[in-house]
Amino acid sequence: CTIYSPKDKQLCMDYDRSSGEGVLPQEYTLIKLRIQDDFISDKLKNYCTLDDVYLVAATLRPETMYDPTNCWLHPTRDHGIFICTRRAVRNLSHQDFTNEHRKFRVLAEFLGSELFDLPLDALLSSYKTIYVLPMLTIKEDKGTDVVTSVPSDSADDYAALFDLKKKVQMREKYSIKESMILPFDPVPIIYVEPYGNLPAITVYEKFNIQSQHDYEKLARAKDEIYKKSFYDGILLTGKYQQQKVIDVKKFIRDDLITSKQACIYYEPENKVKSRSGDEGIVALCDQWFIDYRNESWKEEARHVLQQLNVFSDETRQNFEATFDWLHEHACSRSYGLGTRLP
């Protein structure tokens with residue numbers, strides 16, 4: 001996978017970008033949340049059987065999928081058999097998720113509010129059925145706009161869940177029944193010292209967060225526990241309980257894929273703009289690459305660097321960092337000067 005410009009129909013490397021230099025593809029685990037049979041929208045029934053309509057949520061933390069309490073959607077954005085945003089399906093179509101490579105068909109479009117209160121199967125959760133609920137702070141430029149809610153480990157999720165629990169008017173505005181929200185409490189998934197087995201609630205209370213719109217406090221809360229949860233957290237549930245998250249994340253992801261509850265999906269880690277003004281995506285390409293992973297090449301490059309006067313430690317460190325992260329690099333273009341490749 002590499003960054004690609006659909007408008008230019010070729011790879012979008014650093015020198016092809018007006019912004020986003022150095023941005024690489026980022027791997028997500030795409031979680032498939034199945035809509036229960038009797039609740040599939042009439043807009044879709046003509047196109048599908050009753051067992052293959054999913055809301056798909058992109059996550060960087062598949063190990064937290066053991067106990068979601070609900071699924072979030074933004075109420076005013078369009079979605080729309082995977083149900084996700086048009087921006088996300090544009091990426092998906094370039095990663096062989098559609099019948100015809102790089103093309104997709106929109107079967108129906110929904111506002112998020114049209115999907116609220118849908119019951120979903122949550123195969124790994126303590127709650128056998130979870131519901132689609134409104135979250136007002138979902139970012140448009142990341143993921144699929146579908147978000148799994150893990151309020152035990154995400155202060156943002158806990159804040160949004162608590163808003164719905166305590167604000168009757170908010171529930172009434174979006175026609176959310178009490179039975180879809182009040183019985184659903186955070187379930188311990190990861191123990192994080194010194195925050196306990198519900199770290200999100202600990203930092204929510206520590207920073208005196210009042211709502212999902214306390215952006216600055218929520219950002220501080222995330223900064224405090226996110227990496228610590230990943231590197232030091234101990235799983236409390238599932239097949240890999242009592243093991244460190246960092247040691248088993250890949251195994252959990254692979255188990256979800258093997259059981260067909262998830263798949264791998266890529267997006268640029270940050271926004272990329274090509275010089276033609278197109279937004280970059282991640283695509284599978286029939287492309288020639290130079291493989292810079294070869295350790296003997298890297299050792300030769302490091303040896304040469306030691307003999308060079310690069311005039312500053314910062315420049316030397318930048319070279320060394322590039323040697324470490326550089327792997328495959330696309331080397332064929334559809335325009336410009338160069339040597340023709342077979």
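Let's start with Ser-332, which counts as buried, at 16% relative accessibility. The cut-off for that label is under 20%. Keep in mind that the whole structure is a predicted model. You'll find Ser-332 in the segment after strand S19, the strand made of residues 328-330.

Who does Ser-332 touch? Leaving out residues up to four places away in sequence, the list is Gln-287, Trp-288 and Leu-341. Arg-253 is 79 residues from Ser-332 along the chain, and the C-alpha atoms of these two are separated by 33 Å.

## Glu-267, tucked into a strand

Next up is Glu-267, part of strand S15, which covers residues 262-268. Is this residue buried or exposed? Glu-267 is buried, since its relative accessible area is 1% and the label needs a value under 20%. Its strand is mostly covered too: five of the seven residues of S15 are buried.

One partner is the side chain of Tyr-265, joined to that of Glu-267 by a polar contact of 2.7 Å. Another is the backbone of Gly-143: its nitrogen lies 3.1 Å from a polar atom of the Glu-267 side chain. If you skip residues up to four places away in sequence, Glu-267 touches quite a list, including Leu-24, Pro-25, Gln-26, Tyr-28, Arg-87 and Asn-91. Also on that list are Asp-141, Lys-142, Gly-143 and Val-282.

## Strands side by side

S15 has a partner strand. Strand S4, residues 25-35, is joined to S15 by seven bridges, and the two run antiparallel.

Two packed helices are described by the angle between their axes and the distance between the axes. Take H7 (residues 215-232) and H8 (residues 245-258): their axes come within 6 Å and cross at roughly 80 degrees. Angles of 65 to 115 degrees count as roughly perpendicular, so H7 is roughly perpendicular to H8. Ser-229, Phe-230 and Tyr-231 on the H7 side meet Val-245, Ile-246 and Lys-249 on the H8 side. Sorted by class, that contact has four nonpolar residues, one polar and one charged.

Now try H4 (residues 155-166) and H6, whose axes come within 9 Å and cross at roughly 75 degrees. That makes H4 roughly perpendicular to H6. H4 brings Ala-155, Tyr-158, Ala-159, Phe-162 and Lys-166 to the contact, while H6 brings Ala-200, Ile-201, Val-203 and Tyr-204. By class, you get eight nonpolar residues, no polar ones and one charged.

Where does the backbone have a cis peptide bond? One runs from Glu-193 to Pro-194, with omega near 5 degrees. Pro-194 is in the loop between strand S13 (190-191) and helix H6 (199-206).

Asp-96 has a phi of about 65 degrees and is placed in the loop between helix H2 (86-93) and strand S9 (110-111). For Ser-175, phi is about 55 degrees, and this residue lies in the loop between helix H5 (168-173) and S13. Ser-175 counts as exposed because its relative accessible area is 53%, and exposed means over 50%.

## One more stop: Glu-295

Glu-295 is part of helix H9, residues 295-307. How accessible is Glu-295? At 46% relative accessibility, this residue counts as partly exposed.

Note on methods:
Residues numbered from 1 in each chain as written. Predicted model: local features only at pLDDT ≥ 70, side-chain atom pairs only at ≥ 80, totals over all residues. Heavy atoms only, no water. Helix = DSSP H or I, 4+ residues; strand = E, 2+ residues; numbered from the N terminus. Buried < 20%, exposed > 50% of the residue type's maximum accessible area, 1.4 Å probe, protein only. Polar contact = N/O pair within 3.5 Å; in protein donor to acceptor, adjacent residues only side chain to side chain. Contact = heavy atoms within 4.5 Å. Axes fitted to C-alpha atoms, helices over the stretch in contact; angles between N-to-C directions. Parallel < 35°, antiparallel > 145°, perpendicular 65-115°, else oblique. Nonpolar A, V, L, I, M, F, W, Y, C, P; charged D, E, K, R; others polar. Pairing = 2+ DSSP bridges.
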